Amino acid sequence: MFIVGLTGGIASGKSTVARRLVDHGAVHVDADALSREVVEPSTSGLEAIAAEFGGGVLADDGSLDRAALGGIVFADPDARGRLEAIIHPRVHARTAELIAAAHAADPAAVVVYDVPLLVEARRELEFDLIVVCEAPAEVRIERLLTHRGMPRAEAERRISAQASDEERRAVADVIIDTSGSLQHTLDQVDALWVDVAARALDRARVL
């Protein structure tokens, strides 16, 4: 099996790259989706959050009120750390389950672990390859304005709050330039797939 860590800043085209890899046959593990899954109603994660932060972080239907929780943790690093201590181990455990299932189904599987904050957070996996999606900040801002209707000030704030291009390049094995046409991006991903699929197959043969 071959594990690819896929990362990139907001509006960097990471979702496009992930979808193309899945089209080729990769197994997609989405860290953001898992972080939502582990705090769904009736989960131990949601119960732990309510116990830690109080019933005020629950909506009327018993689901997590993300706005209420965000109002607590974004302004308080200690509170954010307590939240991460609840969510991260559960995400890591679920990730391990999915990767093990992918390996059991196909020893030559390519798993793409899609993690936006790979640089900002400590790695919980050893990746065979780290792929960084990159586009200039102004291109990303324009995407946020056009496709998400985000005010410019908010777009700039979100980009500046994340890791810099230099920090991502420092951990990258491969950089996908997403600043051009869609086809230009897809061509790079297709070439990447040829390489990682061959390496995954070679590893499976050795094992």
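Which residue in β3 is the bridge partner of V29?

Author: That would be Y113. Keep in mind that this is a predicted model. The bridge belongs to the pairing of β2 with strand β3 (residues 110-114), which runs in the parallel sense over 4 bridges.

Now zoom out a bit. The two strands sit in an open sheet of 5 strands, ordered β2-β3-β1-β4-β5 and paired in parallel. At the edges you'll find β2 (27-30) and β5 (174-177), each pairing on one side only. From one strand to the next, the twist averages 25°.

Helices pack on this sheet too. Helix α1 (residues 14-24) touches β1 (2-8), β2, β3, β4 (129-134) and β5, and its direction makes about 155° with that of β1. Helix α5 (residues 77-105) also packs on the sheet, with contacts to β1, β2 and β3. The direction of α5 makes about 160° with that of β3.

Back to Y113, since there's a ring to look at. Searching the whole structure turns up 1 aromatic pair. In that pair, the ring centres of Y113 and F127 are 6.2 Å apart and the planes meet at 25°, so the pair counts as stacked; the cut-off for that is planes under 30 degrees apart. The pair links distant parts of the chain: Y113 is in strand β3, while F127 lies in the loop between β3 and β4, 14 residues apart. Both Y113 and F127 are buried.

Definitions and conventions
Residues numbered from 1 in each chain as written. Predicted model: local features only at pLDDT ≥ 70, side-chain atom pairs only at ≥ 80, totals over all residues. Heavy atoms only, no water. Pairing = 2+ DSSP bridges. Axes fitted to C-alpha atoms, helices over the stretch in contact; angles between N-to-C directions. Contact = heavy atoms within 4.5 Å. Phe/Tyr/Trp six-rings, centres within 6.5 Å; stacked < 30°, edge-to-face > 60°. Buried < 20%, exposed > 50% of the residue type's maximum accessible area, 1.4 Å probe, protein only.
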